Amino acid sequence: MKTKPMIAAVAAALLATGAASAAPAPVERIASPGPDGKPGLILKGVIVPTGYETFYLSGQLADPIDPARTATIDDYGDTRTQTLSVLAKIRALLASKGYAMADVVKMQAFLAADPKLGKIDFAGFNAGFRDYFGSAANPNTVARSTFQVANLVQPMFLVEIEVTAVKAPGK
């Protein structure tokens, strides 16, 4: 019967140190150095400690520049324009659930070739990405995979992005 007093003593010690109600450890973002030695555009990886809430967003596509015109690539814009549209949509979806772009830890991007270029516009995608990540508004960046795909769901789409965001409970 010595175990009950020992369990009570351990529980009391944990409560006294605050361990039982401590906030989870911060998310660890593992930087990937760029060619200049400064942090790179994307992370090598992310470690999310136990206790974080996770929000998985399905792939999002661009909205048309003019909602009345939805038939061609020109109605949605080039790769950079579509990237900015998709990331604005993602930002709104995150905000609707109490998340911010800074909470995004993982991204998968799917790029289709721009018929005007005959290939994917990776530079245009990265230009749009930089407006949302590693910027003054959001210094965080993400672990990211980027894939070239033959086509997306409709021929006018050049970019589809899905993300995973995490936040500490109560944030």
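## Helix 2 against helix 3

In this predicted model, Thr79, Arg80, Thr83, Leu84 and Leu87 of helix 2 meet Gly124, Phe125, Ala127, Gly128 and Phe129 of helix 3; contact means heavy atoms within 4.5 Å. Helices (H or I, at least four residues) and strands (E, at least two) are DSSP runs, numbered from the N terminus. By class, the contact between the two helices has five nonpolar, four polar and one charged residues. Here Ala, Val, Leu, Ile, Met, Phe, Trp, Tyr, Cys and Pro count as nonpolar, Asp, Glu, Lys and Arg as charged, and the others, Gly among them, as polar.

The axes of helix 2 and helix 3 cross at roughly 35° and come within 7 Å. Axes are lines fitted to C-alpha atoms, for helices over the stretch in contact, with angles from 0 to 180 degrees between N-to-C directions. The crossing is right-handed, that is, the near helix is turned clockwise from the far one by less than a right angle.

## Burial of helix 3

Gly124, Phe125, Asn126, Gly128 and Phe129 of helix 3 are buried. Buried means under 20% relative accessible area, exposed over 50%, and partly exposed in between (1.4 Å probe, protein chains only). The cover over these buried residues includes strand 2 (39–47), helix 2, strand 4, strand 5 (143–149) and strand 6.

## Nonpolar core

The largest nonpolar core has 31 residues, and those with the most contacts inside it are Leu87, Ile90, Leu94, Met107, Phe133 and Ile161. Such a core is a set of buried Ala, Val, Leu, Ile, Met, Phe, Trp, Tyr and Cys residues joined through side-chain atoms within 4.5 Å. At least two residues of this core come from each of strand 3 (53–61), helix 2 (79–96), strand 4 (104–112), helix 3 (122–130) and strand 6 (159–167). Strand 4 supplies the largest share, five residues.

Beyond its neighbours within four places in sequence, isoleucine 90 is in contact with Leu57, Gln60, Met101, Ile161 and Val163.

Leucine 93 is in helix 2 and counts as partly exposed because its relative accessibility is 33%. Outside the four places on either side in sequence, leucine 93 contacts Phe55, Leu57 and Gln60. Its C-alpha atom is separated by 8.3 Å from that of leucine 57, 36 residues apart along the chain.

Proline 24 lies in the loop between helix 1 (3–17) and strand 1 (28–33). With a relative accessible area of 25%, proline 24 is also partly exposed. Setting aside neighbours within four places in sequence, proline 24 touches Thr50, Gly51, Tyr52, Ala168 and Pro169.

## Chain and confidence

The chain has three helices and six strands, in the order α-β-β-β-α-β-α-β-β along the sequence. Of its 171 residues, 35% count as buried. Among contacts between residues at least 6 apart in sequence, 73% join residues at least 24 apart.

The average pLDDT (the predictor's confidence in each residue, from 0 to 100) is 89, and 87% of the residues score at least 70. Over residues 10–20 the pLDDT is below 50, and this stretch has three contacts in the model beyond near neighbours in sequence. Where pLDDT is low, the predicted coordinates should not be read in detail.

## Basis

Residues are numbered from 1 along each chain as its sequence is written, and side-chain values use heavy atoms, leaving out hydrogens and water. Local features need pLDDT of at least 70 and side-chain atom pairs count only at pLDDT 80 or more, while totals for chains, interfaces and linings use all residues.
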